[in-house]
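Please follow the account below with the sequence and the coordinates open side by side. It begins with a single pair of residues and widens from there to the whole chain.

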Amino acid sequence: MLIEGLYTVESFEKEEQTVKATVKLNAGHEVFKGHFPGNPVMPGVCMIQIIKELTEQATEKSLFLSVASNIKFMAIINPEKNDVIQLTLTISEEDATVKVKNTTSFDDTLALKLSATFAILN
């Protein structure tokens with residue numbers, strides 16, 4: 001985990017090429033003190049890192065983000081109000097790459113859509 005203590009994985013279910021995970025954010029983490037004081041917002045780069053780490057867990061491979069072709073932030077994730085998020089990843093492997101399509105939501109709100117390609121490092 002690159003950002004220690006930012007989140008914990010509460011559930012992780014993998015069925016064929018689909019992963020469904022529930023993640024609990026740590027609203028007291030240092031990252032939120034600077035992003036932004038008094039109004040914490042989950043940084044987009046941290047969301048991408050969580051997606052990468054969940055994909056690594058699913059594939060049991062070390063990955064490096066090589067292409068992010070479609071990233072849409074649809075709603076702000078405030079960890080004080082919405083500390084539990086659900087992620088769905090559709091994963092496919094081709095040659096030395098892993099392609100991921102992700103949706104991230106809290107309650108009934110879609111917060112993030114992402115399509116990305118990761119290079120396999122090992």
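Val-100 stands opposite Ala-116 in strand 6, where strands (E, at least two residues) and helices (H or I, at least four) are DSSP runs numbered from the N terminus. Strand 5 is joined to strand 6 by 10 bridges, and the two run antiparallel; strands are said to pair if DSSP finds at least two bridges between them. The model is a predicted one, in which local features need pLDDT of at least 70 and side-chain atom pairs count only at pLDDT 80 or more, while totals for chains, interfaces and linings use all residues. Residues are numbered from 1 along each chain as its sequence is written, and side-chain values use heavy atoms, with hydrogens and water left out.

This pairing belongs to an open sheet of six strands, which has the order 1-2-4-5-6-3 and antiparallel pairing. At its edges lie strand 1 (7-15) and strand 3 (63-73), each of which pairs on one side only. On average, and with direction ignored, neighbouring strands of the sheet are turned by 20° against each other, the axes being lines fitted to C-alpha atoms, for helices over the stretch in contact, with angles that run from 0 to 180 degrees between N-to-C directions.

Ser-66 is found in strand 3 and touches Thr-117, Phe-118 and Ala-119, if residues up to four places away in sequence are not counted; contact here means heavy atoms within 4.5 Å. Although Ser-66 and Ala-119 are 53 residues apart along the chain, their C-alpha atoms are separated by 6.0 Å. Ser-66 counts as partly exposed because its relative accessibility is 41%, given that buried means under 20% relative accessible area, exposed over 50% and partly exposed in between (1.4 Å probe, protein chains only).

Thr-104, by contrast, is found in strand 5 and counts as buried, at 0% relative accessibility. Leaving aside neighbours within four places in sequence, Thr-104 has contacts that include Met-47, Ile-51, Leu-87 and Leu-112.

Helix 2 lies across strands 1, 2, 3, 4, 5 and 6, and runs at about 55° to strand 4. Because 13 of its 16 residues are buried, helix 2 is largely enclosed by the rest of the structure. Just after helix 2, Glu-60 takes a positive phi of about 55°.

What do the buried side chains form together? In soluble globular proteins, nonpolar side chains tend to be buried together. The largest nonpolar core here has 30 residues, of which Met-42, Ile-50 and Leu-87 touch the most other members; such a core is a set of buried Ala, Val, Leu, Ile, Met, Phe, Trp, Tyr and Cys residues joined through side-chain atoms within 4.5 Å. Two or more residues come from each of strand 2 (18-25), helix 2, strand 4 (84-94), strand 5 (97-106) and strand 6 (109-120), and the largest share, seven residues, comes from helix 2. Ile-50 touches Tyr-7, Val-23, Leu-25, Met-42 and Leu-87, not counting residues up to four places away in sequence.

Taken as a whole, the chain has two helices and six strands, which follow the pattern β-β-α-α-β-β-β-β along the sequence. Of its 122 residues, 39% count as buried.
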